[in-house]
Amino acid sequence: MSNVGDVLIQLASSPLGGLLLTLAVYAGCYRIYRRSGLKPIFNPVFSAASILVLLLLASGVEYQAYFRGAQLIDFLLGPAVVALAVPLFTMLDKMREATLPIAGAVLSGAITASGSAVGIAWLCGASAETLRSIAPKSVTAPVAMSIAQDIGGVPSLAAVFVILTGMFGAAVATWTLDLARIDDPKARGLAIGVTAHGQGTALALQVDPTSGAFAGLGMGLTALASATLLPMLAKIFW
């Protein structure tokens, strides 16, 4: 067992090893996810993140040492988000036909996602700093961290809330929409993008190209709406 631990330490702490470990774990989780018939409970992002956390804890490797290798994946997050413009472009006609409904859905969704999180946290006795950090939890991480800093929250804490929201949203989105009997791929995609940002959008793209395109639209518009509204609301209520 100690030999296995030594291998994990060497693998996770070396720059190339951290990258290879991340890719190997995700590839294994994604294969299980595909074989399960895309069941949300086997969401590969949630599963891979959980396994990597356990491996780092078991091996005693510091996160900073692991991230030196895995930061390439973090860097690719930017180009991946930009690449979402491709499915958006293919669905421009459908999006133009529903401009007002989309705007209304995104605005109400962004307010509900932020307001419900802040309200629940407030009822649980969270500090003002935590409330400001959790407010942008349904916005993609770079934007959420910037919003949190602007309204007096903690950017790193906001990033944690964003990651947890994305993983949970991607895991339960399909079930929730099925229970609500929402079958329209455009509505499903938009709802997933508004609530579960990048991770939800990745899930939607795997299921249906139309859902993926509308999820990308929902993610982008939610970031824009939140970046505009949250600083103003923070001045009023905080």
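Hi everyone, this is a quick walk through the chain shown above.

Before we start, it's a predicted model, so local features need pLDDT of at least 70 and side-chain atom pairs count only at pLDDT 80 or more, while totals for chains, interfaces and linings use all residues. Residues are numbered from 1 along each chain as its sequence is written, and side-chain values use heavy atoms, with hydrogens and water left out.

Okay, the overall fold. What secondary structure does the chain have? It has 13 helices and zero strands; here helices are DSSP runs of H or I with at least four residues, strands are E runs of at least two, and both are numbered from the N terminus. The radius of gyration is 19 Å, close to the 18 Å from the globule rule for 238 residues, so the chain is as compact as a globular protein of that length. That radius is taken over C-alpha atoms, and the rule is 2.2 Å times the number of residues to the power 0.38.

Now the inside. Of the 238 residues, 39% count as buried, meaning under 20% relative accessible area, with exposed being over 50% and partly exposed in between (1.4 Å probe, protein chains only).

Which residues make up the largest nonpolar core? There are eleven, among them Ala-117, Val-118, Leu-131, Ile-147, Phe-161 and Leu-230. A nonpolar core, by the way, is a set of buried Ala, Val, Leu, Ile, Met, Phe, Trp, Tyr and Cys residues joined through side-chain atoms within 4.5 Å. Helices α8 (99–123), α9 (128–134) and α13 (209–237) each supply at least two residues of this core, and α8 gives the most, with three. There's also a second, separate core of ten residues, including Val-25, Val-61, Ala-65 and Ala-70.

Let's zoom in on two residues. Thr-22 sits in helix α2, residues 15–35. Is Thr-22 buried or exposed? It's buried, at 13% relative accessible area. Leaving out residues up to four places away in sequence, Thr-22 touches Leu-52, Tyr-66, Ala-70 and Ile-73, where contact means heavy atoms within 4.5 Å.

Then there's Asp-74, in helix α4, residues 63–75. Asp-74 counts as partly exposed, at 46% relative accessibility. Asp-74 and Asp-93 are 19 residues apart along the chain, and their C-alpha atoms are separated by 33 Å.

That's my tour, thanks!
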